[in-house]
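Student: I would like to go through this model term by term. Please set each value against its definition.

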Number of protein chains: 2
Amino acid sequence: MNRLYLSVALNSTGSAPRSWAAPGTRWNRFSDWRHYLRSAQLAHEGVFDIVFVSDHPALQRDNTSRPIHSFDPTVLFSAVAAAVPDIGFLLTASSSYNSPYNLARRLATLDHISGGRVIWNVVSSFNPDIAANFGAAPLPSRAERYRRADEFVQVVRDLWLSWDTPSDDPPAGDLWDATTARRIDHHGEFFDVTGPLNVPIGPQGHPVISQAGASEAGVDLAAKHADIVYASLLHKQSAFDYQARLRERALAHGRDPGDLRLLPGLTVILGETREEAYRKHEALHGHRGEDGLIADFLHRNWAVDLGDRIDPDKPLDPALFAHTEDQQRPVGFVRSFAELAAAEEITPRQLVRRVEGGHRLAVGTPREVADTILDWWSSGAVAGFNIHIPVLPDGIAEFNRHVIPLLQESGAFPAAYDGSTLRERLKLPDPRNR
Amino acid sequence: MNRLYLSVALNSTGSAPRSWAAPGTRWNRFSDWRHYLRSAQLAHEGVFDIVFVSDHPALQRDNTSRPIHSFDPTVLFSAVAAAVPDIGFLLTASSSYNSPYNLARRLATLDHISGGRVIWNVVSSFNPDIAANFGAAPLPSRAERYRRADEFVQVVRDLWLSWDTPSDDPPAGDLWDATTARRIDHHGEFFDVTGPLNVPIGPQGHPVISQAGASEAGVDLAAKHADIVYASLLHKQSAFDYQARLRERALAHGRDPGDLRLLPGLTVILGETREEAYRKHEALHGHRGEDGLIADFLHRNWAVDLGDRIDPDKPLDPALFAHTEDQQRPVGFVRSFAELAAAEEITPRQLVRRVEGGHRLAVGTPREVADTILDWWSSGAVAGFNIHIPVLPDGIAEFNRHVIPLLQESGAFPAAYDGSTLRERLKLPDPRNR
């Protein structure tokens, strides 16, 4: 079995909607690149494998939450990667609102600068606000976006391998040997790209690819192209089931399913006692007590209210968890609720302590949080987790101080960085050998 | 009069086609980002105002020259800007092969990271090899590319001013005050962009804009939008004439012509004596003696040969300098030849010592080079120069050691950095006051 892998999300001021207003923080740090630098430095102190940013090329003006997705990830993480060694950098970028040549080039540039530490998280974008920043056409259907994503990733991978790494020995005669840089001559449904890319192959062959698909098309895309798969999985059996879906599809695409690393999201709220962690959880939402949490949760997710209509201590109506494959919203978060409800008759009171920001929540003592992580990992349900920290950057230091040592003591997590590129660290095959 | 401004080009291994093979250098340093970092550090030691990269999103496989335009400029300069203070970063990016939202966002991100030191050099791209990496459509006509560039720049500028800098004081009630972030609702011939941009206004309002137009459409674009204008100007009178064209157009667009900074290219080859500089010039092209230089120059520029057909000591036939406004190649370089030939009856022997890489050449002692720079600047022909260094990075150290002190002694060039943003240093108006 591979060791435990951990990534940590560096989005905005933290995963908690009111993280911007947390005591002792600067509310506007989301627009200061040093906030992300400091967060990455803390993640490096914790020997995290990866720092992660999601992305959304539009301003989200939900005034119940923090401003999220501001700086361009490729530009932001280039400055951070130049200053922070070892750690991997996961950047989210849309296959619907980029051109494959430009994006392949930017990611390859960052892969050189970082010495082979880049992961591209492919998203197809689902929000009409994004579409409105890129032309008059409405958001394409999910099916079209995923066909485009598949072709986009294929073009990017071909471009990434189109110019061999220049040898350290100078060319003997002419500068160019035509065989070292090859046109790709791609002509498909969405793209025509001649190539070659003007960035040569970098230290890890090419960036690692990740995907977070939960719909049928998403899982297929992940199984075909991804090395790392992110997901919202609220129940351990759901993780096994999801892995089985992924593996089956990977085999159908001729891949070794052992080459995929599943890293579902895990929001962590720590306290010296579970009660202290619960109070912190409530305070992060601006509440005193559990009822406020429950009321907010029901209202936000289903627009239903406590009181007459919902009893916080009776199992939720399964009808609340319905979803369709053709909905425009992401399928993953809703599907994970449905699976949790199918596995357990869960009450609103239980649910708010199990889910946070759409991801599984671990709220409790460092020992309880570490045991949750080690339980899922040692049973083979996951390769690791993508940790969501409620308030950045200090929450990373707290996780480092209290949880990382327990994971290291167990032997599951290393005390120092191993491998020189991210691909080596993740024990992934070299794409040059395909 | 403003002080002298200097930028330096950091393209590839240097401006000399055989710079990759210069003794004592690593030929493949063009694909090592630390080469650009080292070059920028040297430029910073020389108190240069700006480091400059041109760009071309396609691999150029001319085996008589060095590989140029590899790394993506926004990603490359983000890593460099995080490590090198004070100096400005000029990045070239195409208005034909980007989307305005993504490019505005990347440049705004870098403007934040650098603390207000970014210049966007707008190009419309002229090469069919580029077009072939971005779809099946051929390169648009010059007229269409410039109409698109004008609209593109307008959209980018509007996006850059669409979200006010978050105040250091936390919001009193709701997180968002709707008046701080404004949709731009642009609907034009080429673009539909709703906005607002998801990056707030940065330390210098927005990035400085530069342009290098020489065609009628190019000069008009520069006069309408640019703060800095790059150009190929081989003769001082051409610089005055070019400034007059720019100023006239700037007035027509309602701008103060005094807000434009003209920085033509200047290739510098230094020697302790002029003869030594001449030998160095020849050696950079792989020659011993002047005839090799002349033969190469004629062949490269006009595909004509020395010997029977051309006498190196007789004025060149003016017919060689013909150009048309509708040609696909850039107008600037050819036009500057024509103006030089109109002003002086120039022989091939003289021409090779006046032009290098399409730009004016200053080949001689440090005193001669400094005098050329100071002569053009003090006469008001230019605001400064964009220096092209034949072999990077060491050529910058040589320029720093021998030429910079002469410029500083004259009082034209500062001994240390002034102003906290690039816009302040260049004494340009704040776009927030428009």
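Tutor: Start with the elements: helices (H or I, at least four residues) and strands (E, at least two) are DSSP runs, numbered from the N terminus. On that numbering, Ser95(B) lies in the loop between strand 3 (88–94) and helix 3 (100–113) of chain B. The model is predicted: local features need pLDDT of at least 70, side-chain atom pairs count only at pLDDT 80 or more, and totals for chains, interfaces and linings use all residues. Residues are numbered from 1 along each chain as its sequence is written, chains are lettered from A and ligands numbered from 1 in the order in which they are written, and side-chain values use heavy atoms, with hydrogens and water left out.

Student: Why is Ser95(B) called buried?

Tutor: Buried means under 20% relative accessible area, exposed over 50%, and partly exposed in between (1.4 Å probe, protein chains only). Ser95(B) has 0% relative accessibility, so Ser95(B) counts as buried.

Student: Which residues is Ser95(B) in contact with, leaving aside its neighbours within four places in sequence?

Tutor: Contact means heavy atoms within 4.5 Å. By that rule Ser95(B) is in contact with Val122(B), Val123(B), Ser124(B), Arg148(B), Ala149(B) and Phe152(B).

Student: Is Arg288(A) buried or exposed?

Tutor: Arg288(A) has a relative accessible area of 87% and is therefore exposed. Arg288(A) is found in the loop between helix 8 (274–284) and helix 9 (290–302) of chain A. The C-alpha atoms of Arg288(A) and Tyr278(A) are separated by 10.0 Å, the two residues being ten apart along the chain.

Student: Why does Asp227(A) count as buried?

Tutor: The relative accessibility of Asp227(A) is 8%, so the residue counts as buried. Its place is in the loop between helix 6 (216–225) and strand 8 (228–229) of chain A.

Student: Which residues of helix 6 of chain B are buried, and what covers them?

Tutor: The buried residues of this helix (residues 216–225) are Gly218(B), Val219(B), Leu221(B), Ala222(B), Ala223(B) and His225(B). Their cover includes helix 5 (142–160), strand 7 (208–211), strand 8 (228–229) and helix 7 (236–252) of chain B.

Student: What is the phi of Asp185(A), and how accessible is the residue?

Tutor: Phi of Asp185(A) is near 45 degrees, a positive value in a residue other than glycine. Asp185(A) lies in the loop between helix 5 (142–160) and strand 5 (186–187) of chain A. With 37% relative accessibility, Asp185(A) counts as partly exposed. Asp86(B), which is not a glycine, has a positive phi of about 70 degrees. At 30% relative accessibility, Asp86(B) counts as partly exposed.

Student: What is the omega of the peptide bond joining Gly195(A) and Pro196(A)?

Tutor: Omega is about -5 degrees, and the bond is cis. Pro196(A) lies in the loop between strand 6 and strand 7 (208–211) of chain A. In chain B, the peptide bond from Gly195(B) to Pro196(B) is cis, with omega near -5 degrees.

Student: What makes the pair Asp55(A) and Arg105(B) a salt bridge?

Tutor: A salt bridge is a side-chain nitrogen of Lys or Arg within 4 Å of a carboxyl oxygen of Asp or Glu. The closest N and O atoms of Asp55(A) and Arg105(B) are 2.6 Å apart. The count between chain A and chain B is two salt bridges.

Student: Which elements of chain A give two or more residues to the side that touches chain B?

Tutor: They are helix 2 (73–83), helix 3 (100–113) and strand 6 (192–193) of chain A. Helix 3 of chain A gives the largest share, eight residues. The contact as a whole takes 68 residues from chain A and 68 residues from chain B.

Student: How do you know how the two copies are related?

Tutor: Copies are superposed by least squares on the C-alpha atoms of residues with pLDDT of at least 70 in both. A rotation of 180 degrees with 0.0 Å of shift along its axis superposes chain A on chain B (RMSD 0.0 Å). The two copies are therefore related as by a two-fold rotation axis. Of the residues of chain A, Ala79(A) comes closest to this axis, at 2.1 Å (C-alpha). The same surface serves both copies, as 100% of the contact residues of chain A recur in chain B.
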